[in-house]
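Hi there,

Here is the structure I promised to pass on. Please have a look at it, and read my notes below when you have a moment.

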Amino acid sequence: MPTPTSHAKLLQWVEEIVTLCRPDAVQWCDGSQDEYDQMIQLAVAAGLATPLDAATRPNSYLFRSDPSDVARVENRTYIASRNPEDAGPTNNWIDPETLKATMRGLYAGCMAGRTLFVIPFSMGPVGSPIAKIGVEITDSPYVVVNMHIMTRVGGKVLEVLGTDGEFVPCLHSVGKPLAPGQADNGVWPCAPLDSKYISHFPEERMIWAYGSGYGGNALLGKKCLALRIASAQARDEGWLAEHMLILKLTNPLGAVRFVAAAFPSACGKTNLAMLVPTIAGWKVETVGDDIAWMKFGKDGQLYAINPEAGFFGVAPGTSSKSNPNAMSAIARNTIFTNVALTSANDIWWEGIGYEPPAGEVIDWKGKSWERKEVAAHANARFTAPAHQCPAIAAEWQDPAGVPISAILFGGRRPGTVPLVHQALSWQHGVFLGSIVGSEVTAAALDVQAGTVRRDPFAMLPFCGYNMGDYFAHWLRIGETAGAQLPQIFFVNWFRKAADGRWLWPGYGENSRVLRWIFEQCEGTGKFVLTPLGIMPTDDALDAPASVSAADMAELLKVDREGWLAEIADVRSRHYPKFGDKLPPALLQELDALQARLSA
Ligand code: OXD
Ligand code: MN
């Protein structure tokens, strides 16, 4: 196959990696349907993919990964900046030269018996001034098909790259060379945990991943490029690369506002992005469900694009009730990983909304399911093209992006944090982002039940540099001359009563909170000033019938005791992590909140 580019730096990089990894063949990807089909055939022939029933789930396939390779590996994820301080207290730092030497050793000959695929991809609409180009080299056909769905792949990208355009080199290998005559034979290729590396070189804008074939470890456009490397680029260039969904909200009169929202993983971002409102005349449409890149437009507003082209969503818990739009999006042309397989060759998972069908069910480990343990892995995923979502917004591919009116932060907080409050200023909003956390159980995370795992801006695993500098960057963004800044809100769908009952029904009913946020942006919302910030009046949200007046009062209560404990926790356990990198403005906000609560 002739080389489809004359970009000297790209050609030189590919040659260097071919010499290092010694694949049997090299293939440049063009993003075509033929190529997708060819990759799937390779995976089927290797025993790694199962075609699903063509009538119920056309052009869809099930993959099962190795039980040791089922999720992002945060403790094997590195920020290799020259100075450890630039990685900061929340990242794993490693010296870049030492790391390169170790990884070169692992990469040497690692693609023997395999084909090296070169995937030119665009994060964001091809040619958008906000978009960035990456090139992933991988030895995994699974990665190629997932990248086809999650990014824009192919010739158009090379055209934009021209002969000397900038790209982020992303090197990936599953770390499982094949001896002559050996094949995968149904065994998911990956390396043992202690030789997996997900490495970022923020100064060189470069990614090297080795040993995992799964999700964010292997689809390098997503968490690695669009968050870790892009956040460092955004710091240097004055924009924001964030772990945020983007949604379009339309009121009954047809007025439109765009909202971005950051929540830690597994707090329902995909569900919120695809929400079906319960309030008459309102419409929510999806621009993105995981990542937002935001840059100032000439009018001073922040314009956001979704850099991705698909959804890599968590399957368990997704049902026609929790997310009917996601269920429609995965009706065809979808890759499923680590879900269960029914005897009718369809998929099933816990929380899909119906009982497992009769007959044999094969669990995510490929064994006949004994109906004792879960059938689908808790982090089982679907990879589906964004355009298949019935709620996709017309603007989702607009190269100019969409103007953001409001930014939401939130997490799972059974206590203390009210259903919604609004920041008094950008600085107060940055403070709220900096203290985001989710309550966890001892069983889940080996921390004391009821304690809060802080996940500032929902970026804890994804910020490519020192989180203290990241807070300062957010504060600086607020000082941009002529900026028309979005309003910042803190939401909490997860409040519980003393008896453990959920106080708020969530899902479609969250549209009531979105409506108040919309009204606040328009200047028509009913609000009161409280020590926490701006909050809705008792009647402003028009509570759903299932929520009593007493529960609504609890949801909107200012919990002084709880907040004073929260402040003490931030002061003693959270902020000290950042040492002198903690911007003084955030401590001022903490003091001011304490003073307002104590007044
Ligand atoms: C994701 C995550 O996969 O946040 O989106 O973990
Ligand atoms: Mn995410």
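Predicted model: local features only at pLDDT ≥ 70, side-chain atom pairs only at ≥ 80, totals over all residues.

**Around the ligand**

Serine 265 places a polar side-chain atom 2.6 Å from an oxygen atom of the ligand. For arginine 72, an N or O atom of the side chain is 2.9 Å from a ligand oxygen, and for arginine 381 the corresponding distance is 3.0 Å. On its own, ligand 1 has 210 Å² of accessible area, and the protein covers 88% of that.

**A pair of helices**

I also looked at how two helices pack. Helix α2 (residues 33–45) and helix α5 (residues 141–150) have axes that come within 9 Å of each other and cross at roughly 145°. The crossing of α2 past α5 is left-handed. On the α2 side, the contact is formed by Glu35, Tyr36, Met39, Ile40 and Leu42, which meet Pro141, Val144, Val145, His148 and Ile149 of α5. Sorted by class, that contact holds eight nonpolar residues, one polar and one charged.

Best wishes

Notes
Residues numbered from 1 in each chain as written. Chains lettered and ligands numbered in written order. Heavy atoms only, no water. Axes fitted to C-alpha atoms, helices over the stretch in contact; angles between N-to-C directions. Helix = DSSP H or I, 4+ residues; strand = E, 2+ residues; numbered from the N terminus. Left-handed = near helix turned anticlockwise from the far one by under 90°. Contact = heavy atoms within 4.5 Å. Nonpolar A, V, L, I, M, F, W, Y, C, P; charged D, E, K, R; others polar. Polar contact = N/O pair within 3.5 Å; in protein donor to acceptor, adjacent residues only side chain to side chain. Areas by Shrake-Rupley, 256 points an atom, 1.4 Å probe, with all protein chains shown as cover.
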